[in-house]
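I opened the model to look up a few local features. My notes follow in the order I took them.

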Amino acid sequence: MLTIYSDKHRLQHGKAELIDGTLKPCFENPSRADMVLQEVRSRGLGPVIEPLAHGLEPVLRVHDAGYVGFLQTAWQRWTAMGRDYDALPKMWQIRRLRAAIPEHVEGQLCYYSMDCGTPLTAGTWPAITAAADVALTAIDQLEAGQRGVFALTRPPGHHAARDYCGGYCFFNNAAIAAQSLLDRGAKRVAILDVDYHHGNGTQDIFYQRDDVLFLSIHGDPATEYPFFLGFADEHGEGAGLGFNYNFPLPAASSVALWFAALETALGEVRRYAPDALVVSLGVDTFEGDPISRFSLASTDFLRLGEQIGSLGLPTAFCMEGGYAVEPIGLNAVNVLEGFSM
Ligand SMILES: [Zn+2]
């Protein structure tokens, strides 16, 4: 399987995120993608190529122009205020506060953020535009006839909504990939999100549409991040009603329960009969993950890949979460190898 990769992911290296009331080193850091790339190479998964530049137009197909403009200028505006450290928001536009966009960069950071675990840094913009290009180059390769392509995207994307960042995510790489497939002539695309956390951003982007089927298997938001989205009764709205499926599972669910949810999700994908599939590939469902609570073993990821492969669809995998850094490569490449069997 072909892998698309850019070294520019390293430019996003946040110093700290707020966890349990303390600033701690970011779980989401460059070593994650480095470990995955190392495993891709050592296992001989296939060629690794650089992304091609696709510009901002495909990004603006799924993200709000004001939000994209904010991300593009935020670091320069932040440091112009005399700051030389990462930007984290310190409040949110919540219930009964005005939904107006503030003028000041600090207010805009609060307006466009979901949490304070997503530091905006000097390298955020070049890293996230490179990640979008990685996802879009994977779609170029699907269009050219590849059956499966691995977009080694970092930072991840599935928590990024139309107009906010969060959960280490700024641009929603999987959503950009899915929209690009539609813009190239696909009639229907399915996105399967197997990360431990609900793909709230992807759901947000496609919630009112019937040309993208979104399915997510994740820790129950009643107890797990992102808490405010990802429940089983969220089925879509308007034209999108019936095209959104959430499979929230209790945090300590067994592997058997997880695969039962996968089987149901894959059944819905088959029923939808999409032209292509995008997989939000998080491997934080792993038993050793430091911030998640499912218990998939490394061999289970081979089985996951096989089952996705059994759909027989052109498939782009976009890397999402996975914070057990040592085995992240093993687990991710197991999915890709399982798919290719
Ligand atoms: Zn996750």
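I looked up Arg96 and placed it in the loop between α3 (65–80) and α4 (105–111). Helices here are DSSP runs of H or I with at least four residues, strands are runs of E with at least two, and both are numbered from the N terminus. Arg96 is not a glycine, yet has a positive phi of about 65°. I noted its relative accessibility as 78%, so Arg96 counts as exposed. The cut-offs I used are under 20% relative accessible area for buried, over 50% for exposed, and in between for partly exposed (1.4 Å probe, protein chains only).

Before going on, I wrote down the ground rules. This is a predicted model, in which local features need pLDDT of at least 70 and side-chain atom pairs count only at pLDDT 80 or more, while totals for chains, interfaces and linings use all residues. Residues are numbered from 1 along each chain as its sequence is written, and side-chain values use heavy atoms, with hydrogens and water left out.

Next I went to the loop between β7 and β8, where Phe227 sits. Phe227 has a positive phi of about 60° and is not a glycine. At 39% relative accessibility, Phe227 counts as partly exposed. Pro226 is found in the loop between β7 (212–219) and β8 (244–249). I checked the peptide bond from Tyr225 to Pro226 and found it cis, with omega near 10°.

I then looked up another cis bond. It runs from Arg154 to Pro155, with omega near 0°. Pro155 belongs to the loop between β5 (148–151) and α6 (173–183). I flagged these entries because most residues other than glycine have a negative phi, and most peptide bonds are trans.

I found both His197 and Asp284 buried.

Last, I turned to Asp300, in helix α9. At 11% relative accessibility, Asp300 counts as buried. Leaving aside neighbours within four places in sequence, Asp300 is in contact (heavy atoms within 4.5 Å) with Val255, Phe259 and Ser295.
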